[in-house]
Amino acid sequence: MRYEDDDRQSNNVDDRRGQGGGFRFPGSGGGRGIQIPIGGRGGMSLTSLLILGAIMLFFGINPLEVLLGGGQGFPDISQQMPQQQEAPQRRTERGPLDIPGLPGSEPATKGTPVPKGEDEMKVFISRVLADTEDVWNRVFESFGRKYKEPQLVLFSGGTQTACGTGVSAMGPFYCPLDQKVYVDLVFYDELKKRFNAPGDFAQAYVIAHEVGHHVQTLLGISDQVQRAKQQASEREGNRIQVMMELQADCLAGVWANLNDQLKKRLETGDIEEGLNAASQIGDDMIQKRTQGRVVPDAFTHGSAAQRVEWFTRGFDSGEMKACDTFKSGAL
């Protein structure tokens, strides 16, 4: 991606790295903890979830705290696209989490030094987040709405969120209750080395996907999905979740198109990097790596082919109306 030294960095970055504040897996020492990277929450296999839950219970951690904030989803919106939605009212109080020592309470104490490479990554991510703000502010203005910019939290190992304890093992994720994106930068090493998805646009795609979940929350889509999943079977709930995740991929593609129109960010090979990343973190690819077989009914983010297809639809059109993954027969 094409950035210059004077390009704007977002002010909505909360750097909690080195502060601790979350669960660290046994055996991780001073490192970042076990990584199960995916665009957050639902990308782990059933076996992985059971193992993760058992470890947490052994150490006195409630697995539900970690998993409840996980995903977003969505029912039929073929007749009610974004401009017709009303943003839900959000509670701003922190409730029982508003206690000394947790994020949002007392000022954090000085933590461990941050490696130089991660500082450079912070600058890059801050610029990507600024670009998402510029694009989505304009899009929301175009249909008479105000875009509420999300905060992006950088953390190491674990941190507290309004959705429970967030840990590195969850990968980047979005919490709709506090409307924040959470990222442990060690994920990008995994994306490059383990998932063979290098490149700066691959990194930007991950942020754009999570910001896509924020757009869904502002438009009321997340609440509709949650209600639909509560009334559905596990299999149907997974299918709804896939539609939600693929819509976030599509919105990431819309952002990439509009951002390039606005700021000419894209360079040769960038889109290929994004498509490769989308493919490498498809549910089928991850299931093959982690359990040696593919179980489509357990998909929660979509197959490699689906993720590539919906990102491409968003990028080719540059229009949100192309992202109705909930339309009958869209998958």
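1. A residue is called buried when its relative accessible area is under 20%, exposed when it is over 50%, and partly exposed in between, using a 1.4 Å probe and protein chains only. This is a predicted model, in which local features need pLDDT of at least 70 and side-chain atom pairs count only at pLDDT 80 or more, while totals for chains, interfaces and linings use all residues. Residues are numbered from 1 along each chain as its sequence is written, and side-chain values use heavy atoms, with hydrogens and water left out.

2. Taking a disulfide as a pair of cysteine sulfur atoms within 2.5 Å, the count comes to two. With bonded cysteines counted along the protein chain, the pattern is 1-2, 3-4.

3. Cys 163 is joined to Cys 175, with an S to S distance of 2.0 Å, and the link is right-handed, with 90 degrees about the S-S bond. Cys 163 lies in the loop between β3 (158-161) and β4 (164-167) and Cys 175 in strand β5 (residues 173-175), so the pair ties together parts twelve residues apart in sequence; strands here are DSSP runs of E of at least two residues, and helices runs of H or I of at least four, numbered from the N terminus. Cys 163 counts as buried at 11% relative accessibility, and Cys 175 counts as buried at 0%.

4. Cys 250 is joined to Cys 323, with an S to S distance of 2.1 Å. This pair links distant parts of the chain, 73 residues apart, with Cys 250 in helix α7 (residues 234-263) and Cys 323 in the segment after α10 (304-317). The link of Cys 250 and Cys 323 is left-handed, with -75 degrees about the S-S bond, and both cysteines are buried.
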